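Okay, thanks everyone, let me get the screen up.

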Amino acid sequence: MVAAKHTVREISLPAGAARESPFSDGRRQLSRSKVELFIDCPRCFYDELVHGHKRPGGLPFTLNNAVDALLKAEFDLYRASGTPHPIFETVGLDALPFAHADIDIWRSNRKGVRWNDGDTGWSLYGAVDDVWQTRSGSVIVADYKATSRRDEFTVANLYPGYKRQVEVYQFLLSQQDLTVEPRAWFVYANGISTRGAFNNRLEFRTSLLPYDGDSSWVPGKFREAVGVITTGIRPEPAETCRWCQYVRDADPHR
């Protein structure tokens, strides 16, 4: 079966009209997750941001969210006391949870760490899980991950999206007049599923996994995503996008 060829659709504007933000509230901003969506499939990104047509949502990761909340509370205890978390010793990390006045803003999904791009007039933001600080004053991006698998995560099997996630955070923090360490750390809580019974208790093996990031791609990809929105031209879907493939199969003329 040969896939139908799809033409690019352009949005028509009245003569002389300026192209403004497609968002109803006029905000010119993209979250980290929206940039990730653009990387995954430009068409899905465009359809969601311009037309409000979102991909079908998945089930909420409520247990993962609970682990995230507990880890944040735990690291906050050491932040308040100005002492290192004991897990730092397992990798020889000489650091402290960063006691910055904006840490709660940076971790807020609605606010996050923000960069205003003078070239486009748009802003990029993302909510970090945590930020640590070395003795020399540079900062470290930390990201919490909860899972349950028999083999342990390594740098070799890190998901590409996880890598891009911390690289965006590294870029955003570097725009706050902070010196950011290229090495980020994943706090991995791996649920143990080999116990003989549940007994109202779920145990984890928690470890630190380093990742040396390169955030140089972030501003260019962000501006590329903004350009797709502001030109008003619907891009072709990614070849690997299963959502767009479903739409093509259901409606070959779409």
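So, Arg55: at 24% relative accessibility, this one counts as partly exposed. Keep in mind that we're looking at a predicted model here. What does Arg55 pair with? Its side chain meets that of Asp40 in a salt bridge, 2.7 Å from N to O. Arg55 sits in the loop between helix H2 (42–51) and helix H3 (62–81), while Asp40 belongs to helix H1 (residues 32–40), so this contact ties together parts that are 15 residues apart in sequence. Asp40 is partly exposed too, with a relative accessible area of 37%.

Okay, next pair. Asp47 and Arg234 form a salt bridge, and their closest N and O atoms are 2.8 Å apart. Asp47 is in helix H2 and Arg234 is in the loop between helix H6 (218–231) and helix H7 (242–250), so here the pair ties together parts that are 187 residues apart in sequence. Buried or exposed, then, for Asp47? Buried: its relative accessible area is 9%, and the cut-off for that label is under 20%. Arg234 is buried as well, at 6%.

Then there's Lys145 with Asp143, another salt bridge, with 3.0 Å between the closest N and O atoms. Both of those residues are buried. And some of these contacts link up: Asp76, Arg79, Asp104, Arg107 and Asp130 are joined into one network by salt bridges that share partners. How many salt bridges does the structure hold? The count is 17.

Let's turn to the surface. There's a nonpolar patch made of Leu63, Phe198, Leu202 and Phe204, and together they have about 430 Å² of accessible area. Take Leu63 as one of that group: this leucine lies in helix H3, and with a relative accessible area of 62% Leu63 is exposed, the threshold being over 50%.

Last stop, helix H5. This helix covers residues 160–174, so to speak 15 residues, and from its first C-alpha to its last it reaches 21 Å, close to the 21 Å expected at 1.5 Å a residue. Which residues of H5 are buried? They are Gln165, Val166, Glu167, Val168, Tyr169, Gln170, Phe171, Leu172 and Leu173.

That's what I had, happy to go back to any of these on the screen.

Key
Residues numbered from 1 in each chain as written. Predicted model: local features only at pLDDT ≥ 70, side-chain atom pairs only at ≥ 80, totals over all residues. Heavy atoms only, no water. Salt bridge = Lys/Arg side-chain N within 4 Å of Asp/Glu carboxyl O. Helix = DSSP H or I, 4+ residues; strand = E, 2+ residues; numbered from the N terminus. Buried < 20%, exposed > 50% of the residue type's maximum accessible area, 1.4 Å probe, protein only. Patch = residues over 30% accessible without salt bridge, like charges linked within 9 Å, V, L, I, M, F, W, Y side chains within 5 Å. Areas by Shrake-Rupley, 256 points an atom, 1.4 Å probe, with all protein chains shown as cover. Expected span 1.5 Å × (residues − 1).
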